[in-house]
Amino acid sequence: MAAGAPRIFVSHLAGVAVFDPVGDQVGRVGDLVAMLRVGRRPPRLLGMVVEVLSRRRVFVPMTRITGVESGQVITTGVVNMRRFERRPTERLVLGELLDRRVTLVETGEEVTVLDVAIRQLPARREWEIDKVFVRRGKGGALRRKGETLTVEWSGVTGFSLEEHGQGAENLVATYERLRPADLANALHHLSPKRRVEVAAALDDDRLADVLEELPEDDQVEILGELQEERAADVLEAMDPDDAADLLNELPDEEKERLLTLMRPDDAADVRRLMAYEERTAGGLMTTEPIVLRPDATVADALARVRQQDLSPALAAQVYVCRPPDETPTGKYLGTVHFQRLLRDPPFTLVSSLVDSDLPPLGPDTPLPAVTSYFAAYNLVAAPVVDESGSLLGAVTVDDVLDHLLPDDWRETEFHEEGVRGG
């Protein structure tokens, strides 16, 4: 970047694509790494944390960043693939500096950090943080509350102190465009204290989606820091199978307290799933597939498939059953695949389209047999039916993969090589 280039506020870099010189995408910016310096000297920016394939976070030194412009970052193309680990002298700019309460040197007033700006030093390949965007008034969930102003780094103090009750509203706003899996990866690499603060600032649905993507230890830690009433609300917002897996990690007494606080219908679904062995079709399934009665039409089915909160796997087919049409249903009649729904007129009854030749899974079917079933029939979801012929739920391919991969697959580096750059 040429000398005199404009300052860049770091919140604009979160999730930005990183490319090599030939235009191939390397990954996305997850955070920036800075080192605080003695006195009021601006911190030096050491590099970027880039999320590459398999959500691995690697370190790219600023000396290998050749361009930061037009919503993208360009590197020299030389990226060491060893997992990033923060050193004691380093600070994560997004993860640790935003939402911090600092003091204006001129007035002694406490303000909240909303953002910081970085700039490249003239005629050099070094970068530093030189501006701080702050808000007057007490911290809170309303980002527009109070007057905002931009000051020099030397115009505030308090960054070198350990922060208590830092809050996380601005970090959450910075990460609002991330997919749940990517936000979960960012949370996993924060300190335990900061991780809990960010989780507390998320709404119930967003936190539920993120919890489903976190390692079990992080899930238990975050859930344990929430008030029990809120923990129950978050469990209700999770997919029942994921909620059941999480509750099974808790002591029996705590598990029962949370189930009692949940809505009876949601708790009943979770209790039903907890009765099955984890590595069986019953333990893997969700109790909320799309269920239609025989007199429903193709138009009815397509309307249900279009629901925004459905995963692609669950939306790939509907299950036709006699009443009642909530699991466990009346007699299971068969499956209608999405592709078939697209080929027939809207007024066609789904009962005339069912694939009744596809044998359903039993709830006690072990994981290896479930895996073979998916491979044999090229499926992304499959019905689970009990001995009486009632539909209990559906197993989706993502749940199968979760249980085929190692327990720590979200943290494991599968092809780690090279050494972290300076």
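Tutor: Glu197 is buried, with a relative accessible area of 14%, where buried means under 20% relative accessible area, exposed over 50% and partly exposed in between (1.4 Å probe, protein chains only). The model is a predicted one, in which local features need pLDDT of at least 70, side-chain atom pairs count only at pLDDT 80 or more, and totals for chains, interfaces and linings use all residues. Residues are numbered from 1 along each chain as its sequence is written, and side-chain values use heavy atoms, with hydrogens and water left out.

Student: Which residue forms a salt bridge with Glu197?

Tutor: A salt bridge is a side-chain nitrogen of Lys or Arg within 4 Å of a carboxyl oxygen of Asp or Glu. Here the closest N and O atoms are 3.0 Å apart. Both residues lie in helix α4, four residues apart, about one turn of the helix; helices (H or I, at least four residues) and strands (E, at least two) are DSSP runs, numbered from the N terminus. The partner of Glu197 is Lys193.

Student: Is Lys193 buried, partly exposed or exposed?

Tutor: The relative accessible area of Lys193 is 32%. Because buried means under 20% and exposed over 50%, Lys193 is partly exposed.

Student: How many residues apart in sequence are the parts that Glu221 and Arg195 tie together?

Tutor: Glu221 forms a salt bridge with Arg195, with 3.0 Å between the closest N and O atoms. Glu221 belongs to helix α6 and Arg195 to helix α4, so the parts tied together are separated in sequence by 26 residues.

Student: Which residues are joined with Arg7 into one network?

Tutor: Arg7 forms a salt bridge with Asp130, the closest N and O atoms being 2.4 Å apart. This pair links distant parts of the chain, since Arg7 is in the segment before β1 (8-9) and Asp130 in strand β11 (residues 127-136), 123 residues apart. Salt bridges that share partners join Arg7 with Arg119, Glu128 and Asp130.

Student: Which residue caps the N-terminal end of α5?

Tutor: Helix α5 spans residues 204-211, and its buried residues are Arg206, Leu207, Ala208, Val210 and Leu211. What covers these buried residues includes α3 (180-188), α4 (192-201), α6 (216-225) and α7 (228-237). At the N-terminal end, a side-chain oxygen lies 3.2 Å from the backbone nitrogen of Asp205, and the capping residue is Asp203.

Definitions and conventions: Contact = heavy atoms within 4.5 Å. Polar contact = N/O pair within 3.5 Å; in protein donor to acceptor, adjacent residues only side chain to side chain.
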